[in-house]
Amino acid sequence: PTRFVSKANKTENGEPKYKEPLSQIQDQIGARIITFYVSDIEPISKKIEGYFAPIEKTTFIPDSVNEFGYEGKHYIFFIPKDIVADLPEEHCPTFFELQIKTLFEHSWAEANHDLAYKPQSELSREQKRKIAFTAAQAWGADNIFDDLFHELQKN
């Protein structure tokens, strides 16, 4: 709640950034599906898309094959009317965010969010390299466990 209030109160050039925060801020309500294996993300995504029509769908991957960093699949969906039918409309957000990612992506992203995405002070070059190194390790762990899972399923 505190994060939402602070986001809702943001200003740009002295004016409120959000005139109607309940309908403009899309991540007031969020959910995250965490899976063990990279190869589970697409089947889960297809299943979710069978229930909800995405307003937005974004797959986050680093820009270059030589980079490591934030990865994940994010959706913005309308909140189904039957879920909020008994609540006053002015108290209900219109959207919710759903993220699908692996356990390693999730773990890395949570630490990165606190340490590097919104740091207390500017990170040094060495600190940035450490963040990048841990992103590469998370990517490697994801891929190795996914490979092992599929190899062991064949046996």
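This is a predicted model: local features need pLDDT of at least 70, side-chain atom pairs count only at pLDDT 80 or more; totals for chains, interfaces and linings use all residues.

Visitor: Where does F145 sit?

Guide: F145 is in helix 6.

Visitor: And why is F145 called partly exposed, rather than buried or exposed?

Guide: Because its relative accessible area is 41%. Buried means under 20% and exposed means over 50%, so F145 falls in between.

Visitor: OK, on to the sheet. What's the strand order?

Guide: The order is 3-6-5-4. Those 4 strands form an open sheet, and the pairing is mixed.

Visitor: Which ones are the edge strands?

Guide: Strand 3 (30-35) and strand 4 (56-60). Each of them pairs on one side only.

Visitor: What does the twist average?

Guide: 15° from one strand to the next.

Visitor: Now strands 5 and 6. Parallel or antiparallel?

Guide: Antiparallel, over 6 bridges. Strand 5 covers residues 72-78, and strand 6 covers residues 95-102.

Visitor: What's the bridge partner of F77 in strand 6?

Guide: F96 is the partner of F77.

Visitor: Last one. Which strands does helix 5 lie across?

Guide: Helix 5, residues 103-117, lies across strand 3, strand 5 and strand 6.

Visitor: At what angle to strand 6?

Guide: Helix 5 runs at about 115° to strand 6.

Conventions
Residues are numbered from 1 along each chain as its sequence is written. Side-chain values use heavy atoms; hydrogens and water are left out. Helices (H or I, at least four residues) and strands (E, at least two) are DSSP runs, numbered from the N terminus. Buried means under 20% relative accessible area, exposed over 50%, partly exposed in between (1.4 Å probe, protein chains only). Two strands pair if DSSP finds at least two bridges between them. Axes are lines fitted to C-alpha atoms, for helices over the stretch in contact, and angles run from 0 to 180 degrees between N-to-C directions. Contact means heavy atoms within 4.5 Å.
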